[in-house]
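Please read it with the structure open beside you.

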Amino acid sequence: MESLDYLNKLSKFSLSDFNIMHLNINSVNNKCFEVQQILKHSNFDILFFSETRLNSNKPVKQLKNCNYKEILYYRPNNSNKTSNEIGGGLLLYIKNGIKIVKQKVSSNLFEYIFIQIDVKNQLINFIISYKAPNMNNNEYLEQLDNLIFSLDPNIPLFVVGDLNIDSLNDLESNYNEFLNSNSLINFITTPTRIKTKFYKDSKEFRTKCSNLDVILHNGDLIKETMTIDCPFSDHFFTTAKLHINSFKKEPKEIYGRNLSAKNINLIVDEIAKINFFCIAQIESVDQSWLAFKTKIQTIIDRYSPIQKITLKDNDLFPWFDDELLYIKHCRDTAYKSYVLDKLNGLKYGLFYYWKNQFTKQYESKMINYFKMKTMTDFKNSKKFWEFYSSHIKIKSDKSNKPNSPAELFFKDQKANSIEEISEMFNLFFTSIKSDSKIEYEDCELFCDNFFDKLISDGSIKPNKFKFEPTNEAEICELISSLSDSSGPGFDGIPTKILKLISPFISKFLCTIFNRAIAEGKIPNDFKVAVVTPLFKNKGTLDDINNYRGISVLSPLSKVFEKIIYKQIYNYFDINKLMNDNQHGFRNSRSCETALHTIISQMFKTLSQRLIALFIFIDFKKAFDTVDSRILIIKLRKYGFDPGAIKLIVNYFLNRQQKVKFESYTSSFANIKFGVPQGSVLGPLLFLIFINDIVSYLINFEVKLFADDTTLSLKGNNLTELLEKFNSSIMHLTKCRNFNRIDINWSKTKIMFISKKRNIILPSSILIDKTNVEVVDSFKLLGKNNQQPFARNN
């Protein structure tokens, strides 16, 4: 087939040397099969695709390839658009084994991906970029020039992409000046797009050849270039051979266990023979747990040792047969013919016919393929989602996760290897603490006095709380509720194994857990976390402040924490100690209920014809800065007896963590502050820690969803409202200082709500020596809240 000739040409061109390729693919969404065919049949070291029209709401699993690492750029405003409105977007593939020294992905509408690679101790910079047709050429070139200026001029540079500047016809002086000032030469000298247009005035067709797609280079590393016609895009492939040795394709490798049904049965049968009674009699809780863990791990390692596993690419399009390939060939051929003569109705009709035929046949064959599958084809849910997650976006899909940082900065230090980055993350996460200068003794006195006042005036009515022992039935139930996908954590015992052996170990666990409760001593292994850095999808990848750490604890530590959690939660619920304005991590509460109460307040203000001020507080690293000593003071005031206090104190004592970043795990580090994010008990302890804030902020209406805090005040006029606000906000600054929690005032926003006209609103309000911005809209809990009516005059 002629339409497959491009694959032969790409394959032949990329046989040897170091090769790069670029294509404006004009939406990758319906061309994932074509992309996978290019990756399979060619041998390019780096592939660039522009105008992908991807957005973060769509699954990208069909674009994954085990021989390449992919780096994506989503145009920021794509996520809220329909598929027809989505534009821009970049996709870069780089062979496994090629060392990426630096990488940076644009976070704005200037579209680029930058990577610096190390090829046999030679550094090379690559920029892939796309300029939208409606973007001003001079503005774009200025931003591209600034990016290049930030790079080391002594390192060879390639700029690849669709710049939408025609170097064959639009001889703009600014473009040539840009090339000359950066010593760049466009090595693509032939047309990369051919378009035929009918002109009514002259009543004739004219074919325009343009050079929009470029491979710019400032050195002598290019040996050869070629443009190859593409049947599914109106742009040509642009390719280049470099004077560098090519890399072999290296599939991804991971370390894991072979937990086949046979191995699992052998493990369970062996564990069933262990006499756990003797282990439970060991005097120390820690030593007893260690003996238990060692026996279990020894058996698991015997039958299912940790080994290197090579990942293989699955066929993501198994329903493609010869008939569908033929229809695809007809569609692509008709498309190329139509592009060259767009006013020819017959050619358009032919393209439209084959396009519809392909769509119908594609969907029909895919449906029939899955219809033929039986339950034996899906032995577990993992296999099921391997098929379906490439076509639908599911909440747990990790294929859209952000690109990993190639370098990281923290306190003027730089890390650019996975080992250094992992250790830097660990240092950062364990060094987070509050900026408050208040001494602990003063914090203790403040909390004591305030809680005594709350108890004396009846605001809270604590009872006496102590932890009760658990039982085997509860432990078995909690183990069965664990997710199979939960990581094994520090102790390395897979959840799947735990579920199967729970009848044999529940009695031992019951003994250990009850001893821990009675003695106030938790096994140290339960306090070790493996932390994964999670990008917040804000700011740049190389800024360490844009990450939070998510803790993975061992499954059995989660079971123990669930036992403790249940008792604390029920105590607070029965005695109505949790403030009613808290909507986070509570039964029958959610972000929707929090939003409902806030929006109801806004509409009530409008109906009363008052003016209201809403301040959306951004607590800085709220979970990570919790001072456990202050939390203990509050728990005593809530009625926790000495035994319960001893257990919670021990929960925070000698906590440790290590960070896993890609294939490397850092050394251990001690945790001094914070409640573990990713733990079971952490969120509840945080709610208790900030529970009293509502009672302290007099005059304010306070609504919380965990640490997302919204304060509001109402008044008859702006002057009265601002006076009331300035006197009331001092309570917030005092409260945050004595509780040792920080507020990020630069991210905190203020919004006014009113039906009153001709109000001159301030652009900012001074709080705690910082001007807090007044805004017209604010995104709260994922929803954008617009400011009704109150506008500057």
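1. In this predicted model, helix H15 gives three residues to the lining of the second largest cavity, and this is the largest share of that lining. The elements that supply two or more residues to it are helix H15, residues 555-574, and helix H19, residues 681-690.

2. The second largest cavity has a volume of about 50 Å³, and the residues that line it are Tyr569, Phe572, Asp573, Met578, Arg586, Leu684 and Leu687. Sorted by class, this lining holds five nonpolar residues and two charged ones, with no polar residue.

3. Helix H11, which covers 418-430, and strand E20, which covers 547-552, each contribute at least two residues to the lining of the largest cavity. By class, that lining is made up of seven nonpolar, six polar and three charged residues.

4. Turning to the packing of helices, H5 (residues 261-271) and H14 (residues 495-519) lie with their axes 10 Å apart, at an angle of about 30°. Angles under 35 degrees count as roughly parallel, and H5 and H14 are therefore described as roughly parallel to each other. The crossing in which H5 passes H14 is right-handed.

5. On the H5 side, this contact is made by Ile264, Ile267, Val268 and Ile271, while H14 brings Lys496, Ile497, Leu500, Ile501 and Phe504. Divided by class, the residues of the contact between H5 and H14 are eight nonpolar and one charged, with no polar residue.

6. Are H7 and H14 roughly parallel or roughly antiparallel? The axes of H7 (residues 285-303) and H14 come within 10 Å and cross at roughly 165°; since angles over 145 degrees count as roughly antiparallel, H7 and H14 are therefore roughly antiparallel to each other. Here H7 passes H14 in a left-handed crossing.

7. In the contact between H7 and H14, Val285, Ser288, Trp289, Phe292, Ile296 and Ile300 of H7 meet Ile497, Ile501, Ile505, Phe508, Leu509, Ile512, Arg515 and Glu519 of H14. These residues divide into eleven nonpolar, one polar and two charged.

Conventions
Residues are numbered from 1 along each chain as its sequence is written. This is a predicted model: local features need pLDDT of at least 70, side-chain atom pairs count only at pLDDT 80 or more; totals for chains, interfaces and linings use all residues. Side-chain values use heavy atoms; hydrogens and water are left out. Axes are lines fitted to C-alpha atoms, for helices over the stretch in contact, and angles run from 0 to 180 degrees between N-to-C directions. Helices (H or I, at least four residues) and strands (E, at least two) are DSSP runs, numbered from the N terminus. Angles under 35 degrees count as roughly parallel, over 145 as roughly antiparallel, 65 to 115 as roughly perpendicular and the rest as oblique. A crossing is left-handed if the near helix is turned anticlockwise from the far one by less than a right angle, and right-handed if clockwise. Contact means heavy atoms within 4.5 Å. Ala, Val, Leu, Ile, Met, Phe, Trp, Tyr, Cys and Pro count as nonpolar, Asp, Glu, Lys and Arg as charged, and the others, Gly among them, as polar. On a 1 Å grid over the protein atoms alone, a cavity is a set of points where a 1.4 Å probe fits but cannot get out, and a pocket is an open set with protein on both sides within 12 Å along at least five of seven lines; lining residues have an atom within 4 Å of a point. Grid points are joined across faces, edges and corners, and a volume is the space filled by probe spheres set on the points.
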